[in-house]
Structure formats: C-alpha cells, structure tokens
Amino acid sequence: MFLISFLILFLELAAIRWFPAHVLYLTFFTNVVLLASFLGMSVGCLAATHRRTYLTWTPILLVLALTAAHAVEISSGWFAKFVDVGNQLSPQQVFFGTEYHSHDLSRYAVPVEVLCGFFFLIITLAFVGPGQELGRALKRWPDRVQAYSLNISGSIAGIVLFAACSWFELSPLWWFSLIAAGFAYFYFFSGPRRAPGHWVGAWVIALLLVLMTALAAFVPIRTGGGGGHDTQEFWSPYYRIDFDRADLSLSVNLIYHQQMISRDQTAPAYALPHLLNRDAGGAPFADVLIIGAGSGNDVSRALQWGAQHIDAIEIDPTINRLGRQFHPDHPYQDPRVAIHLDDGRNFLRSTQRKYDLIIYALVDSLVLHSGYSNIRLESFLFTREAFEDVRRCLKPDGNFVIYNYFRQGWLAARLQKGLEDVFGSGNTLVLTMPYRKVIEPERATFGDFTMFFAGATNDLRNAFARQPDYLLRTDEPPGPLSPNGFLPPKSGAATQTHFGLATVLPPQENLRTAIDDWPFLYLHGPMIPTQSWRGMTIMGGLGSLLIFLFLPRRNEIANGLTERDSNRHCARRALYLQVFFLGAGFMLVETKAVVAMALLFGSTWVVNSVVFFAVLVMILLANRWTIRFQPRRLWSYYAGLLIALLLNTLVPLNFFLGMHRAIQVIGSSMLVFAPILFAGVIFAASFERTDEPDRAFGMNIAGAMLGGLAEYSSMLLGFQYLGLVAILFYAVSAIGFWRLNQPALDKLSTEPAPD
C-alpha cells in the first residue's frame with residue numbers, strides 16, 4: 001500500500017514536470033497531466049476486481065507517451081506552424097512564446113487542445129495499472145482508514161523525495177530510474193507477479209523499463225527549434241532550461257526565454273530607463289530593485305549607470321547561476337549587487353528598503369504556478385495590490401518601470417489602467433520600440449517592446465512635452481557618454497532611430513484590471529475562454545467514456561434483485577455520490593489553499609511543496625481523529641465544513657498581508673486548512689463504512705477530476721468565490737450522506753455483499 005501510493009505520487013509529479021518540457025506549449029496546460037493522472041488512478045481503482053492486470057501495460061504505455069513527446073519536440077520547428085494556441089492574432093488569452101507562428105495558421109491549424117487531448121488519453125491509460133494496484137491493496141486491507149492513512153503516508157514520501165530531487169536539480173534520469181525500480185518491485189518481487197503475464201517475458205518488461213528511463217533522459221536535437229550541439233540541458237525546480245553556449249540564449253520548456261547581452265552590444269532596451277532619466281535631468285538611480293533579474297542584463301546596465309546598491313530578485317536558481325557563470329559583464333560578481341532567490345511579490349511585501357528605481361524586467365515565466373490552477377508564476381506581480389506594494393517601496397522621487405513584449409493592445413491598456421488606479425490618473429507614460437504613436441486595444445503588437453513609467457514621471461513628461469521625438473543612436477551601445485536624445489543631432493550624426501510617448505486607447509467595453517482575487521492579467525476579461533471549454537469537453541468526454549468502460553457491471557442487476565439487494569445497491573450509490581462530490585469539493589479547496597499560500601508567502605516551488613505536504617498531513621490528522629473517536633453522525637462536521645468555507649469566501653485572500661509573520665502563518669493556516677480537516681474527517685468516516693473500498697476510492701478520485709475541471713470557473717468568478725463552487729459540491733455530497741442514512745439503508749451500508 002505504502003509503496004504503490006509513493007510510486008503513483010512520484011510518477012504524477014515526474015509527469016507534470018517532464019511532459020510540458022517536451023511537448024510544445026503544454027507548459028501552459030499542466031493541469032492536463034494532473035487530471036490525466038487522477039483519471040487513470042480512478043479508472044484503475046474501479047477496475048481492481050478485473051481479472052486482467054493492467055500494470056503489465058504501464059511500461060509500454062509510458063514508452064509510447066515518452067516517444068510521442070520526443071517526436072513532437074524533434075519536429076517542433078515545423079510542428080509549431082500547425083498548432084493554434086487560442087488564435088494569438090486575436091486571443092481571449094495571451095500565451096507568451098506562441099504568437100510567432102500565428103501567421104502560418106491561415107490554412108491549416110491543429111487546436112492545441114487536440115494535442116493536449118492525445119497526451120491526456122495516453123497518460124491516463126498509463127496510470128490505470130498503478131491505480132488498479134492501489135485499488136487491490138485497498139481491498140485487501142481490512143481496516144479502511146488505516147489503509148487510507150498508509151496511502152497518504154506514501155504520498156507524503158513521494159512529495160518529499162521529489163522535492164529533494166528539485167532541490168538538487170536532478171535530471172529525469174534520476175526520477176525515472178526510481179520509477180523503474182518501483183515498477184520492477186511489483187513485477188518481479190511482489191506477490192503473484194514475479195512472473196509477468198503469459199504473453200510477455202520478464203526480460204521484455206525489464207527492457208521496457210530500461211527504455212522508459214532512457215527515453216526520459218534522452219536529449220534530442222530539434223530541427224528548426226534552436227537546438228544544437230552547443231546546447232546544455234538543465235532542470236530547475238520550475239522547468240527545463242536549454243542553454244545555448246554559442247549565443248548565450250536560454251529557452252524554457254521549448255520556448256525562447258532570454259539571452260545574455262553585454263552592455264557593449266547595441267541593445268538599447270535595458271539602458272532606456274537610465275538614459276531617459278539622465279536626459280530628462282534626473283540624478284542617477286542610487287538604489288535599484290530589479291524583479292525578474294534573470295541572467296543579469298538589467299543588473300549590468302544599472303551598474304554601468306552608477307547604481308550604488310541593487311537588489312536582484314530572481315525566482316529560478318538555475319537561471320541565476322547561469323548568469324553568474326556566463327554573463328559577459330559578470331554583473332552578479334559586483335559587491336553592489338545583492339541576489340535574492342525569491343518571489344518578487346513576497347520580496348516587495350517583506351522589504352523595508354526604499355528605492356529610486358524599481359524595474360519589472362521582462363517578467364514572463366512561460367509556466368503555470370502549479371498544475372492545480374490557471375495562474376502563472378508572475379500573476380500576483382501585476383495586480384492592483386502588487387502595484388500598491390511597489391509604490392510603498394519607492395522613494396518620493398522614485399520611478400517604477402515595466403517593460404516587455406506585451407503582444408496585445410488591450411494588455412497594454414489593462415496595465416496602464418492598473419498603474420493609474422494606484423499612481424494616479426495621467427501619471428503613467430508609455431513608449432514603444434519601434435515607435436508606435438497609438439496603441440489600439442484590439443490590435444496585435446507582436447515585436448513591439450513596450451515600456452511603462454510610473455511614479456515621479458513629471459520630469460520625463462515635461463521633457464517629452466518640450467521635444468516629442470527622442471533620438472537614439474543605433475550604431476553604438478547606449479551608455480553614460482551617449483548624446484542627449486532630446487537635443488538636436490549634430491551634423492553628420494550616425495544612424496539614429498526615434499520614438500516618443502504612445503497613446504494607449506482603452507477598449508470599448510469596460511476593462512477589468514487584475515487584482516489578487518482575479519490575477520489573470522493575460523485573460524481578456526472574466527470568462528472561461530472558448531479554448532478552455534473545448535479542452536474541458538475533450539477531457540470530460542474521455543473521462544466519462546473510460547469510467548463507463550472500466551466500471552464493473554453487476555450481474556445480479558440484470559437478473560433481478562430482492563428488496564434487500566436493491567436497498568444495498570441504493571446504499572452503494574448513495575455512498576458513491578457522497579464520496580464523488582467530496583472529491584470534487586476537496587480538489588477546489590486544495591486549489592484555493594495553494595493559491596492563497598502563494599499570494600501570502602510567494603509563488604515558489606518550495607511554498608507549493610510545503611502546502612501539498614501540509615494538506616496531506618491534515619488528512620492524516622483527520623484519519624487519526626476518525627480512528628480515535630469513530631464519528632458516525634457527520635452533520636456537525638458538514639456544518640463545520642460549511643462555516644469554514646464561508647469564512648474562506650468572506651475573508652479576502654490578502655487579509656493577512658502586512659501582519660506580523662507569526663500571526664500571518666498561524667491565522668492563514670487555520671483559515672485555509674480548516675476545511676481540509678473537516679472534509680478529511682467526513683471522507684475517512686464514510687470510507688470506513690464501505691465494503692468496496694476500491695470503487696469508493698476510485699469514485700472519490702474521479703470527483704477530484706471534476707473539481708479540477710471546475711477550477712476553470714476561477715477565470716470567471718475569481719478565487720475568492722471558488723469556495724462557493726466547493727460549497728455546492730459539498731452540498732450534493734451531503735445529499736448522498738443523507739440518503740445513505742435513511743433507516744432502510746443505514747445498516748446495509750456496512751454489510752458486505754453476499755458472494
């Protein structure tokens with residue numbers, strides 16, 4: 001029981017990390033892998049009584065899935081031309097790195113949700129075998145709650161070990177070697193499977209396990225995707241990083257991310273805040289905060305322009321390490337630079353230092369915060385509350401600068417509106433390179449480098465009022481000795497480009513700005529995008545079909561039932577209804593816990609790991625409570641669950657921000673984890689009553705998949721009101737519990753079925 005639970009959780013985490021790193025654009029849809037693993041486990045548990053052992057098929061299914069992923073990666077150069085990720089020419093949701101091939105989609109396009117659906121299916125099938133083994137282990141164990149506790153303990157061990165792999169930045173070779181060893185135990189040393197099925201020999205199984213590990217560790221050379229012999233592969237705790245030594249560029253999960261550019265190269269974008277500040281008459285920025293410091297380009301320019309102290313915030317330790325080792329200017333070796341491997345929002349809240357300049361430096365993570373939600377690592381940096389944190393950290397004459405390639409006019413309009421909500425109407429200045437006088441809301445701005453200035457912007461605004469055209473030389477690197485761009489050029493001056501302030505037109509409809517409760521900067525408005533609806537339909541349809549195909553059939557139903565058998569059948573259905581919606585509600589509660597803790601303590605992988613660990617520990621505590629007190633009447637626990645969920649709905653996510661750290665930790669943990677404790681007791685007490693633990697557990701996990709699909713409603717409602725959806729699920733669960741406790745069914749629910 002412990003080992004199969006450990007193996008399933010470890011394989012799930014490995015799949016969530018590995019497949020998005022090899023399947024183009026799957027990095028934005030990691031919940032596909034999570035839900036596939038849930039569905040596979042559910043189907044496997046439901047198939048526990050099948051005579052066929054599906055675990056035998058797991059290695060070959062994993063080999064097929066890994067091979068298909070490599071095929072997509074190797075062909076990514078031309079494959080990307082035929083993949084449509086939400087119509088990035090006019091999208092409902094922006095995905096960075098996907099727009100460069102959008103112009104090729106005029107004739108043939110494969111929606112990315114179809115690609116995700118294929119991998120959803122094959123990963124689901126790969127998890128059926130381990131799920132079946134888990135179901136059989138549950139069925140063999142007479143004490144249901146004790147078995148469930150062992151299951152949770154194994155899952156905790158899986159989280160801890162995978163967190164250790166992330167800490168040491170171990171490659172997939174290590175992950176899948178452990179997975180192969182776990183499967184080898186079940187094939188060759190555990191019970192009756194010491195000799196695999198008659199159609200395949202032990203040597204074939206062993207060969208498949210070796211092949212699975214080799215495929216997981218294989219590093220292909222992509223055609224047309226920027227890969228090459230000088231490319232090194234690294235696995236940070238967040239994603240796979242491909243570092244090209246030839247041009248010092250980094251790609252993450254197959255999407256180009258950044259490049260180390262020396263201050264001696266003609267790349268003016270990083271120097272513009274300092275150049276414009278000088279030419280507008282401002283003193284050099286002494287204290288600088290750079291969020292998204294990456295490999296060091298912005299740090300290098302700040303040092304060049306005379307910064308006395310720089311706090312460089314970078315969430316990814318691998319990118320920071322590569323910058324320290326390979327950046328040609330060696331900015332991180334300068335004693336004026338303090339490196340902080342932290343989430344930018346968390347640093348803004350915790351620092352007491354004031355800055356002359358705060359920069360959001362090309363902040364785009366290209367990855368989801370976790371497989372549980374649709375927010376990205378940087379989502380909480382662009383909310384109104386985050387901008388208020390920035391304003392608090394600025395000196396009275398300080399400036400806040402955001403720059404990136406924002407792709408869509410409405411995205412620029414949202415950022416400007418959010419900044420002006422905090423810094424005041426008319427405070428924000430916007431400019432683009434190449435120069436664009438007007439930014440239209442419904443027009444794509446691919447390739448436009450857009451820069452926002454907020455804070456003490458009067459000097460710069462006045463400078464542009466005096467001279468609307470700013471001239472910038474393009475034949476030499478910008479530096480402290482560059483000519484003043486607001487002054488007329490000297491006769492015979494070298495090649496120059498010009499730009500000025502841009503006017504951002506607001507959309508016709510009301511544009512909602514991002515807030516902590518609704519941190520979806522890249523979503524056009526509160527909605528569930530059409531692409532997400534199609535993906536949900538594909539996953540829901542495949543899930544329903546597989547559950548229908550694998551759900552055991554009862555012969556006695558077809559042959560007629562006695563009244564007692566009919567009541568027993570009704571009792572089981574009531575229990576399955578209860579545990580199914582317990583799983584759905586629990587998934588939403590866990591998602592809200594992950595999001596809330598990311599907001600309070602940072603969107604780092606360490607915080608995520610601690611939250612998942614804490615959730616499982618709460619379940620263990622609930623199990624111990626159930627074993628100790630044997631609760632039968634659960635209405636008081638349902639009431640406690642309802643109150644806890646209502647409190648989570650009424651208390652804002654950022655309620656604990658700014659409080660003393662101890663109060664923040666204790667208060668937020670009590671609020672966030674209380675529903676998990678009540679729900680855990682309800683499930684454990686209900687699970688203890690079943691005579692079919694495999695099916696009950698399978699239905700509970702199937703419900704978790706429904707909860708995962710329901711998480712998409714946060715894009716419409718926000719996370720604060722996600723608790724209302726959870727309340728709805730738990731209310732349906734309570735109906736099942738009420739039905740189960742009818743006098744005719746109560747006693748039968750604990751009686752074993754006759755042979």
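Two strands count as paired if DSSP finds at least two bridges between them. Strands here are DSSP E runs of at least two residues, and helices are H or I runs of at least four, numbered from the N terminus.

Before that, the ground rules. This is a predicted model, in which local features need pLDDT of at least 70 and side-chain atom pairs count only at pLDDT 80 or more, while totals for chains, interfaces and linings use all residues. Residues are numbered from 1 along each chain as its sequence is written, and side-chain values use heavy atoms, with hydrogens and water left out.

S4 covers residues 240–244 and pairs with S5 in the antiparallel sense, over four bridges. Asp-242 sits opposite Ser-251 of S5. The S4 and S5 hairpin has four residues between its strands, and Leu-248 there takes a positive phi near 60°. S5 also pairs antiparallel with S6, residues 255–259, again through four bridges. There, Ser-249 has Gln-259 in S6 as its bridge partner. Two residues separate S5 and S6 in their hairpin, and Asn-253 in that turn has a positive phi of about 50°.

Which way do the side chains of S5 point? Ser-249 and Ser-251 go one way, Leu-250 and Val-252 the other, and all are buried. Buried means under 20% relative accessible area, exposed means over 50%, and partly exposed is in between, with a 1.4 Å probe and protein chains only. In a regular strand the side chains alternate between the two faces of the sheet.

Strand S13, residues 429–433, has five of its five residues buried, so it is largely enclosed by the rest of the structure. Leu-429, Leu-431 and Met-433 point one way, with Val-430 and Thr-432 pointing the other. S13 runs antiparallel to S16, residues 449–455, and five bridges join them. Thr-432 has Thr-450 in S16 as its bridge partner.

One more strand residue: Asn-399, in S11, which spans residues 394–404. Is Asn-399 buried or exposed? Asn-399 is buried, at a relative accessible area of 10%. Leaving aside neighbours within four places in sequence, its contacts include Phe-285, Asp-356, Ile-358 and Thr-457. Contact here means heavy atoms within 4.5 Å.

Now the nonpolar cores. A core is a set of buried Ala, Val, Leu, Ile, Met, Phe, Trp, Tyr and Cys residues joined through side-chain atoms within 4.5 Å. The largest has 220 residues, and those touching the most other members are Phe-19, Phe-119, Tyr-360, Phe-382 and Phe-400. Helix H18, residues 563–601, gives the most to this core, with 22 residues. Apart from it lies another core of 40 residues, including Leu-272 and Val-299. As for Phe-119, beyond its neighbours within four places in sequence, its contacts are Phe-19, Val-23, Ala-65, Ala-68, Ala-69 and Val-72.

Leu-272 is also one of the buried residues of helix H9. H9, residues 272–279, is mostly covered, with seven of its eight residues buried. Just after H9, Gly-281 takes a positive phi of about 100°.

Last, charges. How many salt bridges does a search of the whole structure find? The count is 22, where a salt bridge is a side-chain nitrogen of Lys or Arg within 4 Å of a carboxyl oxygen of Asp or Glu. Asp-691 and Arg-572 form one, with the closest N and O atoms 3.0 Å apart. This pair links distant parts of the chain, 119 residues apart: Asp-691 is in the loop between helices H21 (661–689) and H22 (693–710), and Arg-572 is in H18. Both Asp-691 and Arg-572 are buried. Salt bridges with shared partners also join Glu-73, Glu-233, Arg-240 and Asp-242 into one network.

Two other pairs. Glu-440 and Arg-443 have their closest N and O atoms 3.7 Å apart. Glu-440 is partly exposed at 38%, and Arg-443 is partly exposed at 44%. Glu-476 meets Arg-473 in a salt bridge at 3.8 Å, N to O. Glu-476 is partly exposed at 27%, as is Arg-473 at 28%.

That covers the strands, the cores and the salt bridges.
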